[in-house]
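Thanks for coming, everyone. Let me put the structure on the screen and then walk through it.

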Amino acid sequence: MAKKLALFLYFLSIMLVNLTSFGQSRSIATNDFNLVSDGVNHTTGDKPNFLWLKHSLFASDSCDETYGFLPCTSTVLGNIFLIIVYGYLMFLSAKLLSAGSEILLQILGPGIIGGLFLPLLSTVPDATIILASGLSGDTATAQSQVSVGMGLLAGSNVMLLTILWGTCLLVGKCDLENSVAVDEKDTKRFSLTGSGVSTDIWTSYAAWIMVISIIPFVIVQLPQVFTATSDSSLPILSSLIVAICFVIAYSIYQIFQPWIQKRRLAYAKHKHVMSEILKQLKTNSLGKLLTDDGDPNKVVIEKLFRTLDQNSNGYLNTTDLRSLIIGIQFDDDVDINIDEAISQVMRDFDTTRDSKIDVDEFFKGISRWLNKAKRAAMMDRGKAPLSMKLLDDFDKQTKEEQDRYGDQIDEIVEDVKNANWHASKAALMLLLGTIVAAVVADPLVDAVDNFSTATSIPTFFVSFVILPFVSSSEIVSTLIFVSRKKQRTASLAYSAIYGSVTMSNILSLAVFLALVYIRNLTWSFSSEVLVIIIVCILMGVVAGFRTTFPVWMCFGAVLLYPLSLLLVCILEYVFGWS
């Protein structure tokens, strides 16, 4: 503790010395007989005869202080120090917003809070930096600083989809068996093809949504593609409107996502009941349910009907169906409601809605189920087997589908002790995080701009590399999630990445477009936009078409980061895109 205190005091003393803008002494006479200064400066030669302490970090005489009192500097080291300080404060702001959002989500659960407010709050740090980059100063100043906002926008998306994506794959890798990662089993170390991560189907959906979210970027870039010379503000306004519509649509989707998942789980359970009933009927049948040509065997199905018709009245009622379903040995981990299953079967078969199933309705119902099984086999394998192995494959597929959907259903919100106190704490954290982000954004942008001037490095590249790491609080939490080495936590981690990029593509872009449109700034970000589009499409399509990722894929993802910077350099300085 003493060492830390001494180190802090030493650091503070250095800062106090460097904060001094200059210092002067009373004149020291060079005449040996005039040993005491009379207050008049007598100098000879070019050398100054007073002490001068010009600081090396803060040069307030050559830069404008933010808010009139925050320190500024025109030196490289000074701006590095300021970027570290303001960046750390912005990182704390992002952590406060993230922690407060999680507390509210635990108390209030999904819905409007989880689907609307929390995604909006997650973009507050980025939005404040983007606003600060274009609101301060006159139009010329805003035009020069707005590259900071674009650098953050592009850098955040590329960093999340390359460096963080690849790191999550390395941290969360498990052994791959039958092309699926085995939870908490990591014995193959860094096998490029034998280790990897598996996610659920919902993560693939999130990746496809991310790909769709690049549409506003495409719209705003169309005039540059066709070298249009008409009003340049029209595509910006059009893209802004589309981005706002996407924000509303995505928020609605997030609000109703738990309901959608429950509906899909119910459908998956119904398909599983279908497959189990077909297997049971196959066992009880006196022949094959399918002919050699793959068509439903009407003779065998009608025999099955007569076997199930316990009172021989020519109809199957709910009692007959109950006897059939109760006789099925469902797996212990499958939660099947008997009454609900009977109602589903009755709705599928009873086309006359008289609560009875005759032999013709039974044959048509079984035929529809068999055709669904064949279509599922066609989608999975490209062909449908004519043998009864079709039903075994369909049963296996429905079990896997139910597991995928069932694992992602939001649990009922648990009772939180002292809910009012936790809610107040969350509100205070959100308020404090928002205030810190709003206050720190402007000096952070100024520090980046001054550093760019001092080093002659374009502001875009400085903000592209630095700012995403200070405004993204999900980096640490995502790595913690994926380190648990389970499919569920890996799915949550990658879904968070795709969700963050989606919100950046629509909400952060909407803020940026509004800024450009209102201040009548010039749109000169063709190369930056192209990089965002390429990275989002590449990573989105890969994650959309597959749910298992071997370790070797992390190297390709990480390699996209320097390639993105290289592409911007080539497009800007070789082809003149700007």
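Start with the largest nonpolar core: it has 91 residues. The residues with the most contacts inside it are Ile129, Leu161, Trp165, Tyr498 and Trp523. A nonpolar core here is a set of buried Ala, Val, Leu, Ile, Met, Phe, Trp, Tyr and Cys residues joined through side-chain atoms within 4.5 Å. Buried means under 20% relative accessible area, exposed means over 50%, and partly exposed is in between, with a 1.4 Å probe and protein chains only. Helix H5, residues 139-171, gives this core its largest share, 15 residues.

Now the ground rules. This is a predicted model: local features need pLDDT of at least 70, side-chain atom pairs count only at pLDDT 80 or more, and totals for chains, interfaces and linings use all residues. Residues are numbered from 1 along each chain as its sequence is written, and side-chain values use heavy atoms, with hydrogens and water left out.

Back to Trp523. What does Trp523 touch, not counting residues up to four places away in sequence? The list is Met150, Val220, Gln221, Gln224, Ile236, Phe512, Leu513, Val516 and Val529.

Some totals. The protein has 19 helices and four strands. Both are DSSP runs numbered from the N terminus: helices are H or I with at least four residues, strands are E with at least two. Of the 578 residues, 46% count as buried. Take the contacts with a separation of 6 or more: residues 24 or more positions apart account for 73% of them. Contact means heavy atoms within 4.5 Å.

Next, the sheet. It is open, has four strands in the order E2-E1-E3-E4, and the pairing is antiparallel. Strands E2 (180-181) and E4 (548-550) stand at the edges with a single partner strand each, so one side of each has no neighbour in the sheet. Two strands pair if DSSP finds at least two bridges between them.

Look at E3, residues 195-198. Three bridges pair E3 with E4 in the antiparallel sense. Two bridges join E3 to E1, also antiparallel. Gly196 in E3 stands opposite Cys174, and Gly196 also stands opposite Pro550 in E4. Ser198 faces Thr548 in E4. Is E3 covered or open on its faces? Both faces are covered: Ser195 and Val197 on one side, Gly196 and Ser198 on the other, all buried.

Now helix H15, residues 459-471. At 1.5 Å a residue, its 13 residues should span 18 Å, and the end C-alpha atoms are 17 Å apart, which agrees. That expected span is 1.5 Å times one less than the number of residues. H15 also has a kink of about 30° at Val465, shortly before the proline Pro468. The bend at a residue is the angle between axes fitted to the seven residues ending there and the seven starting there. Ten of the 13 residues of H15 are buried, so the helix is largely enclosed by the rest of the structure. Phe460, Phe461, Phe464 and Leu467 are among those buried residues.

Last topic: salt bridges. How many does a search of the whole structure find? Four. A salt bridge is a side-chain nitrogen of Lys or Arg within 4 Å of a carboxyl oxygen of Asp or Glu.

Lys173 forms one with Asp186, with the closest N and O atoms 3.0 Å apart. Lys173 sits in the loop between H5 and strand E1 (174-177), and Asp186 in the loop between E2 and E3, so the pair ties together parts 13 residues apart in sequence. Lys173 counts as buried, at 4% relative accessibility. Asp186 counts as partly exposed, at 30%.

Asp186 also meets Lys485 in a salt bridge, at 3.5 Å, N to O. Lys485 lies in the loop between helices H16 (474-482) and H17 (487-518), so this pair ties together parts 299 residues apart in sequence.

Then Asp360 and Lys364, joined at 3.3 Å, N to O. Both lie in helix H12, residues 359-381, four residues apart, about one turn of the helix. An α-helix has 3.6 residues a turn, so residues three or four places apart point the same way. Asp360 is partly exposed at 40% relative accessibility, and Lys364 is partly exposed at 45%.

To close, salt bridges that share partners join Lys173, Asp186 and Lys485 into one network.
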